[in-house]
Amino acid sequence: MYPHEIEKYISDRNGVLKPDEVKFITNIILHPQLNHITYNPWDCSYDMWDDIGNHYHFKSQ
């Protein structure tokens, strides 16, 4: 996915993804441009960065 497609995927879900959607969007085989993914257990959120510096933030249901 291109950066704008990842942003749209997250924003279309208001930044809250279902477990299967989290599994899809964090799959580095499908999205090799992702180079850093962190999970924040205190609020069940994720932060991701791609190889050109874009940052993505979303929560898991």
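Q: Which pattern does the chain follow when read along the sequence?
A: This is a predicted model, in which local features need pLDDT of at least 70, side-chain atom pairs count only at pLDDT 80 or more, and totals for chains, interfaces and linings use all residues. Residues are numbered from 1 along each chain as its sequence is written, and side-chain values use heavy atoms, without hydrogens and water. The secondary structure comprises two helices and four strands, where helices (H or I, at least four residues) and strands (E, at least two) are DSSP runs numbered from the N terminus. Along the sequence, the pattern is α-β-α-β-β-β.

Q: Where does Gln33 lie, and is Gln33 buried or exposed?
A: Gln33 belongs to the loop between helix H2 (19-25) and strand E2 (34-40). Buried means under 20% relative accessible area, exposed over 50%, and partly exposed in between (1.4 Å probe, protein chains only). Because its relative accessible area is 14%, Gln33 is buried.

Q: Which residues is Gln33 in contact with, leaving aside its neighbours within four places in sequence?
A: Contact means heavy atoms within 4.5 Å. With those sequence neighbours set aside, the contacts of Gln33 are Met1, Ile6, Trp49, Asp50 and Asp51.

Q: What percentage of the residues of the chain count as buried?
A: The C-alpha atoms fill a box of roughly 25 × 20 × 20 Å, taken along the principal axes. Among the 61 residues of the chain, the buried share is 33%.
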